[in-house]
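Please keep the structure open beside you as you read the numbered points.

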Amino acid sequence: QRDALSSPAAGDTVYNSTTGTIDFYNGSSWNSTSDTTFTFSLSWLVIAGGASGGASIANNVGGGGGGAGGYRSSYNNETSGGGNGAETAITITPSTNYAVTVGAGAAAVYASSNSYGVDGSDSSFSTITSDGGGGGGKVLQNGRDGGSGGGAGGYHTKVGGSPTINQGFAGGGATNSQLGTGGGGGAGAVGGNNSGSDGGSGGTGVASSITGSSVTRAGGGGGTGSSGGASGGTGGGGAGGAGSTAGTAGTANTGGGGGASNGNGGVAGTSGAGGSGVVILRYPNTYTITVAAGLTSTTATSGSDKITTITAGTGNVSWS
């Protein structure tokens, strides 16, 4: 319609309803004088990388389960981590870059000496950052702080790590002179305390339907004990190992914490690695996303929306 105007004069202006800009005619061509005025609302789920469990070379005494990655969500009034409600959707301006980072899960720990679990890495989208999970405590030590806290190490009265407020829950504790260790905290519940020689289970995660079906993510890693490893939290938490058997890794792209391990007869154990995080974006299907080469992603359609799931990397996204 703009280009079909007959004999436009220099200085004529129009509102361009295709690009959302004010255009003017300079005597020979039409030119934009403003950035786009279009915006739209985007829902998001940002989960950080899970922590690895603690590991031990001490006889039948283990480390704590790894804490889940921090969990933040704005989608459809669903619960965020730590019992928080949904946060605010982000207003997106097309042709503008928004930074994304997907946090890696923490590496597994081999106990050449008694070792803390490693903290998970942060995930972020635009102004939203979720904190990596806290590593499982080593023998005789508290769990580490994080998005969800790591479980306490065994054989002393110790507590689980503290969570980031509104992102997750604390790790489970351990009791004096007992061999069981605490489970890692999950986005939806505190990690379990030990029960004598039994480790505490990982805290449960939180369910979201942002992709069109309900999926639970960010479960804590299980603790360990002389009588066996405890289960990981629902939502990708890894189970604790029994004896010198390795702990189970947290599930990739859930932010699940890794399971703890203990020594058996002085043979070192290996903890479970943390699960990597994820960033999920839901927006109207009238827009098309551009994802930088440094990010790994897939895009699907659900009704009138598109859902882009970013599973690894660092880079920018934009829409047109």
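1. A pocket, in this note, is an open set of grid points where a 1.4 Å probe fits, with protein on both sides within 12 Å along at least five of seven lines. The model you are looking at is a predicted one. Its largest pocket has a volume of about 190 Å³. You will find Gln1, Arg2, Asp3, Leu5, Val14, Tyr15, Asn16, Ser17 and Thr18 along its lining. Sorted by class, that lining holds 4 polar, 3 nonpolar and 2 charged residues.

2. Now step back to the whole chain. How many helices and strands does the chain have? There are 15 strands and 0 helices. Taken along the principal axes, the C-alpha atoms fill a box of roughly 90 × 35 × 25 Å. The chain has 320 residues, and 50% of them count as buried. Among contacts with a separation of 6 or more, 53% come from residues 24 or more positions apart.

3. The largest nonpolar core contains 20 residues, and Leu42, Phe125, Leu281, Val317 and Trp319 have the most contacts inside it. Two or more residues of this core come from each of β4 (40-47), β6 (90-92), β7 (98-102), β12 (278-284) and β15 (305-319). Strand β4 supplies the largest share, with 4 residues.

4. Phe125 deserves a visit of its own. Which residues does Phe125 touch, leaving out those up to four places away in sequence? The list runs through Leu42, Trp44, Val46, Ile90, Ile92, Tyr98, Ala99, Val100, Val279, Leu281, Val317 and Trp319. Leu42, Leu281, Val317 and Trp319 were named above, together with Phe125, as the residues with the most contacts inside the largest core.

5. Is Gly136 buried or exposed? With a relative accessible area of 0%, Gly136 falls under the 20% cut-off and therefore counts as buried. Beyond its neighbours within four places in sequence, Gly136 is in contact with Ser52, Gly53, Gly54, Gly64, Gly65, Gly66, Tyr116, Gly117, Gly150 and Gly151. The C-alpha atom of Gly136 is also 6.4 Å from that of Ala152, a residue 16 places away along the chain.

6. On to the charged pairs. Side chains of opposite charge can pair when their charged atoms come close. The structure holds 5 salt bridges. One of them joins Arg2 and Asp3, whose closest N and O atoms are 2.9 Å apart. Arg2 is partly exposed at 27% relative accessibility, while Asp3 is exposed at 60%. Arg2 and Asp3 also belong to a network of salt bridges that includes Asp23.

7. Arg72 and Glu87 meet with an N to O distance of 2.6 Å. Arg72 lies in strand β5 (residues 71-73) and Glu87 in the loop between β5 and β6, so the pair, 15 residues apart, links distant parts of the chain. Arg72 counts as buried at 17% relative accessibility, and Glu87 is partly exposed at 22%. The other pair is Arg282 and Asp305, at 2.9 Å from N to O. Arg282 belongs to strand β12 and Asp305 to strand β15, 23 residues apart. Arg282 is buried, with a relative accessible area of 10%.

8. Finally, two backbone angles to check. Most residues other than glycine have a negative phi, and most peptide bonds are trans. Leu140 has a positive phi of about 70° although it is not a glycine. Leu140 lies in the loop between β9 and β10, and is partly exposed at 35% relative accessible area. Ala218 likewise has a positive phi, near 65°. Ala218 is found in the loop between β11 (215-217) and β12. Where Leu140 is partly exposed, Ala218 is buried, with a relative accessible area of 0%.

Notes. Residues numbered from 1 in each chain as written. Predicted model: local features only at pLDDT ≥ 70, side-chain atom pairs only at ≥ 80, totals over all residues. Heavy atoms only, no water. Buried < 20%, exposed > 50% of the residue type's maximum accessible area, 1.4 Å probe, protein only. Contact = heavy atoms within 4.5 Å. Core = buried A, V, L, I, M, F, W, Y, C linked by side-chain atoms within 4.5 Å. 1 Å grid on protein atoms, 1.4 Å probe; cavity = no way out; pocket = protein on both sides within 12 Å on 5 of 7 lines; lining within 4 Å. Points joined across faces, edges and corners; volume = space filled by probe spheres on them. Nonpolar A, V, L, I, M, F, W, Y, C, P; charged D, E, K, R; others polar. Salt bridge = Lys/Arg side-chain N within 4 Å of Asp/Glu carboxyl O.
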